[in-house]
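The report below covers one protein chain.

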Amino acid sequence: MLKKSVEDALNKQINAEMYSSYLYLAMSAYMESVSMKGFARWLRVQAKEELGHALKFYDYVIEAGGTVRLAAIEAPKTTWKSAGGVFDQVLAHEKKVTGLINGIMDTAVKEKDYATQNFLGWFVKEQVEEEANATEIVAQIEIIGDIPGHLFCLDRELGKRE
Ligand code: FEO
C-alpha cells in the first residue's frame, strides 16, 4: 500500500509527464509551422516518450495498490522565437523535471518506501540522459548561430530520430 504522501506525489508526476508530452508536442507543431521538419520530428518522438513516462507512473500507482487521480493538463504556449528558444526551454524543463523526480525520491525516503525508491531509480538515470541530450542540442544550436545552412543540416540530423 502506498502512503498518502507518496501516492499524491506520484499522481502529481503523472500530470507533470503528461504536461511534458503536451509541451513537446506544442514545440513540434511550432517547428512544423516554420518548416523545420527534423526538429519537429525529434520533438514529436520526445512527446511520445513523455507519454510513456506518464504511463510508467500510472502503472506503478496501480500495481502498488494506490489510486490514480488524473487532473487537468495545463495548456502549453504555442509559439517560440526560434529553434534556439525552443531547445533552451527543453533544457530548462528537463532540469525542472529532474527536481520533481528528486522531490518524490525525498518523500519516498522520508516514508521509508523502498519499493518506490527502487521504481524511481529508472527515472533518476533517465533524467541524466534527458538533460544530456537537451544540453547537446542547445550547444550545437549555439555553435551554429544564425547560419541557415548549418541549421538546416542539424534539422536533417535530428529528423533521423526513431
Ligand atoms: Fe519525463 Fe523528459 O522527462
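This is a predicted model: local features need pLDDT of at least 70, side-chain atom pairs count only at pLDDT 80 or more; totals for chains, interfaces and linings use all residues.

I141 is buried, because its relative accessibility is 10% and buried means under 20% relative accessible area, exposed over 50%, and partly exposed in between (1.4 Å probe, protein chains only). The residue lies in helix α4; helices (H or I, at least four residues) and strands (E, at least two) are DSSP runs numbered from the N terminus.

Residues are numbered from 1 along each chain as its sequence is written, and side-chain values use heavy atoms, with hydrogens and water left out.

Helix α4 covers residues 114–144. Its end C-alpha atoms are 46 Å apart, which agrees with the 45 Å that 31 residues should span at 1.5 Å a residue; the expected span is 1.5 Å times one less than the number of residues. At L120, α4 bends by about 30 degrees, the bend being the angle between axes fitted to the seven residues ending there and the seven starting there. At the start of α4, a side-chain oxygen of D113 comes within 3.4 Å of the backbone nitrogen of A115. This is a polar contact, meaning a pair of N or O atoms within 3.5 Å; within protein, one must be able to donate a hydrogen and the other to accept it, and residues adjacent in sequence count only if both atoms are side-chain atoms. Just after α4, G145 has a positive phi of about 65 degrees.

Most residues other than glycine have a negative phi.

| Residue | Phi | Relative accessibility |
|---|---|---|
| S35 | about 60 degrees | 60% |
| K112 | about 55 degrees | 58% |

S35 sits in the loop between α1 and α2 and counts as exposed. K112 is in the loop between α3 (83–110) and α4, and also counts as exposed.

Helix α1 spans residues 4–33 and contains N11. From first to last C-alpha, the 30 residues of α1 reach 44 Å, close to the 44 Å expected at 1.5 Å a residue. N11 is buried, with a relative accessible area of 7%. What does the side chain of N11 reach? It reaches the backbone nitrogen of R69, at 2.8 Å.

Helix α2 takes in residues 37–63, among them I62. I62 counts as partly exposed because its relative accessibility is 46%. Together with L51, L55, Y58 and L70, I62 makes a nonpolar surface patch of about 460 Å². Like charges are joined within 9 Å and nonpolar side chains (Val, Leu, Ile, Met, Phe, Trp, Tyr) within 5 Å. Areas come from the Shrake-Rupley method with a 1.4 Å probe, and for residues only the protein chains shown count as cover.

For the chain as a whole, there are five helices and zero strands, in the order α-α-α-α-α. Its C-alpha atoms fill a box of roughly 55 × 25 × 25 Å along the principal axes. Of the 162 residues in the chain, 45% are buried.

Definitions and conventions. Patches are made of residues with over 30% relative accessible area and no salt bridge: like charges are joined within 9 Å, nonpolar side chains (Val, Leu, Ile, Met, Phe, Trp, Tyr) within 5 Å. A salt bridge is a side-chain nitrogen of Lys or Arg within 4 Å of a carboxyl oxygen of Asp or Glu.
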